[in-house]
Amino acid sequence: MLDFLKNTIASVVKLKKSDKISKELLEEMLLEADVSYEIVEEVLYYLPPSENVKKEDLKRILSAYFIYDKKEEKKVKPFVELILGVNGAGKTTTIAKLAKLYKDKNLSVLLGACDTFRAGAIKQLQLWSEKLKIDIVANENSKDPSAIAYDSITKALSKGYDRVLLDSAGRLQNQKNLNAELEKIVRISNKALENAPHRKILILDGTQGTSAINQAKVFNEIVSLDAVIITKLDGTAKGGSLFSIARELELPILYIGVGEKEGDLLEFNPDTYIDSLLTGIFDNE
């Protein structure tokens, strides 16, 4: 898992032809992996005052960035998730990946096409529902996403679905309208089923850095997020942005997207992630 991250770091080590990791070399490697300068400086500050860096010391410091509260998933049927994110972050594709993941766990899934703003959003989700053989509630003539959310939840209740995945618009350029729309979706969902949506997940493009964090803060102010999923962490991304996201948002990272196929969604494990990075740094024979 995450071989792309290990290989990115290892390429820098080989370039330097060094079998010892100094703080200066570590700084270069972390920056190369897209870890923010601010976090690199923090890491260096908290390392013991020795010339070379020990693997166990670095792991202890890096692990601290992923200490956050993770809410227990509510035992409710249907479990309703509102999926948020700006256009281009991979939101609709990630919904499809989540749907497949749940289906593979023998859970029945219903999609709610609540992005009534972006041209083609409903059609895109319909194509995924056909490919994955998963039911969908969609209405191309409706401009009210909260109505689609209500219909999706009530259908799930009546038909006994395990999961509901609600898509949503992500037009941050008009924050006032987005604010009102998302608040209404949450309010109407709660009318259809108490405490729905049970989890609000933000989809972030892992290559966007500070821009992704700023997006997250806007969405968090509007609906109070529960978790994030990071997309586009494949061969073109280096992965270090996850430290900044975890540090700034203090929200659990549920999954990471590592490709465009419906199966390219991996459950995020901080230990595995950090071990991949450390393997690239220290195991470079």
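A residue counts as buried under 20% relative accessible area, exposed over 50%, and partly exposed in between, using a 1.4 Å probe and protein chains only. Here is a friendly tour of a predicted model in which local features need pLDDT of at least 70, side-chain atom pairs count only at pLDDT 80 or more, and totals for chains, interfaces and linings use all residues. Residues are numbered from 1 along each chain as its sequence is written, and side-chain values use heavy atoms, with hydrogens and water left out.

**Overall fold**
- The protein has 11 helices and eight strands, taken as DSSP runs numbered from the N terminus (helices are H or I with at least four residues, strands E with at least two).
- Its radius of gyration is 21 Å, close to the 19 Å of the globule rule for 285 residues, so the protein is as compact as a globular protein of that length; the radius is taken over C-alpha atoms, and the rule is 2.2 Å times the number of residues to the power 0.38.
- The C-alpha trace spans about 65 × 35 × 35 Å along the principal axes.

**Burial and contacts**
- Of the 285 residues, 53% count as buried.
- Among contacts (heavy atoms within 4.5 Å) with a separation of 6 or more, 75% come from residues 24 or more positions apart.

**Salt bridges**
- Side chains of opposite charge can pair when their charged atoms come close.
- A salt bridge here is a side-chain nitrogen of Lys or Arg within 4 Å of a carboxyl oxygen of Asp or Glu, and the count comes to 17 salt bridges.
- Arg199 pairs with Glu81, with the closest N and O atoms 2.7 Å apart.
- This pair joins distant parts of the chain, as Arg199 lies in strand S5 (residues 199–205) and Glu81 in strand S1, 118 residues apart.
- Both partners count as buried: Arg199 has 13% relative accessibility, and Glu81 has 0%.
- Asp162 forms a salt bridge with Lys77, the closest N and O atoms being 3.5 Å apart.
- Here too distant parts of the chain are linked, 85 residues apart: Asp162 sits in the loop between helix H7 (145–159) and strand S4 (163–166), and Lys77 in the loop between helix H4 (55–63) and strand S1 (79–84).
- Lys77 is exposed, at a relative accessible area of 51%.
- In the salt bridge between Arg118 and Asp115, the closest N and O atoms are 3.8 Å apart.
- Arg118 is partly exposed at 26% relative accessibility, whereas Asp115 is buried at 2%.
- A network of salt bridges links Glu38, Glu42, Lys217, Arg247 and Glu248.
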